[in-house]
Amino acid sequence: GAVLREGERVTVDGNSGAVYRGIAPISEFFLPLASASAAARGRSSASAAAAAVKGLIDAELARLSHETDLRRASLADVADFGGAYVLVRVDANVRIEDGRASDEYRLTQIAATLSEILARGGTPIVVSHLGDPGSGRDSRATREEISRDFSLRPVAEALEPRFPRRFAFHETSVAASGLLIGKKDIVPGSVNLLENLRFATGERDNDDAFARALAELSDGWYVNDAFNVCHRRHASITGVPKFAAHRLAGPLVAGELAALEGLLERPERPFIAVFSGGETGALSGVMAALLPRVDSIIDASMPDREGALAFRLGSAKMILWFGPARLDSIGTGKEDRPASPALSLATAALHAAIKNGVRAIVCSEEDRGFATPSSLLNLHVSSGPRAFTEYLERMSLPGITALDPSELQSPIG
């Protein structure tokens, strides 16, 4: 058999028990042979057995189609909430500096989503996490220190001025034991922000009781606008939707799904994927998944390849870029300052392609806070690079699968 070296990276498929050398894309969808055997057992004929197995396969394929479908019901489908309470999962995991929330772009995006719900007659009940209270060095902190350092109060103070007389921060709403408030505590017609969800152990444990308690604050409406954590099986991502009647994608999530749908189903050619972060080994799974979909995959972390990459990018019609893209240096249009000498040839070529109207999608933790100007609408900067990458590798995300499929009919409400 094969011999593995100490420290060698491997992938283990928990479904089949197979072990792969390196990183391999693993699907969550499978049909055990035992299930097929059980379906065929006891049938009166070979054709009856085949029909039973085919029915099993068809059912599994239907489930697969549902779970991988990028077309999901969204906030835009709702005409009027009619005063209903709406639980909204946002990503308010922003930088806190000197007690102030400093990520203005993210806060503006959150405020826009909440304003849209208010405009449609809904009462938004806003939930999010901030950091990871109690982990690592914080495990030695006192409860008071954790409550102070990981409170969403700075976020509340940044959002409140955007909703004059229509904002309530429920500071004592979440504790280790779970939810401390009920529906009677919600202020109708206002933005209601709860405390850090990760103060409760039930959030990361995906505890049904905690998820149900959150869902019961609403009138059956759930909106997920936190794409950055859609790959996690946490209570506010996959638990709450089980107890909600309507499960919608918020504007940010809908934008990510549209970007994914475009590159997977309607890519412009030539379509080039570039890995520039120097951690390509950790992305070999998504590389393998992209191979049949793109025209070229290029590793931009060897400097001697930059000239060739720059040439290839010049002819691309669609670019999928993984890793730092230095978008802070791109400017806002063709008339802007020339590329900085500090930029690599590859990055400068990416900027030039974007300015020339090439469709570009950037997956980069360093750039995800970039505020895309109106002059660069051909550029999509993922708000959740890790979730975006995981979708490309697995063709599904737990947080997306939990949402309602899109219905091509009249608006809801």
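Me: Is leucine 31 buried, exposed or partly exposed, and why?
Reply: Buried means under 20% relative accessible area, exposed over 50%, and partly exposed in between (1.4 Å probe, protein chains only). Leucine 31 has a relative accessible area of 31%, so it's partly exposed. Keep in mind that this is a predicted model: local features need pLDDT of at least 70, side-chain atom pairs count only at pLDDT 80 or more, and totals for chains, interfaces and linings use all residues. Residues are numbered from 1 along each chain as its sequence is written, and side-chain values use heavy atoms, leaving out hydrogens and water.

Me: Okay, what about serine 296: buried or exposed?
Reply: Serine 296 is buried, because its relative accessible area is 12%.

Me: Which side chain makes a polar contact with the side chain of serine 296?
Reply: A polar contact is a pair of N or O atoms within 3.5 Å; within protein, one must be able to donate a hydrogen and the other to accept it, and residues adjacent in sequence count only if both atoms are side-chain atoms. Here the partner is arginine 312, at 2.2 Å.

Me: And which residues does serine 383 touch?
Reply: Contact means heavy atoms within 4.5 Å. Setting aside residues up to four places away in sequence, serine 383 touches Phe227, Asn228, Glu256 and Arg368. Serine 383 counts as buried too, at 16% relative accessibility.
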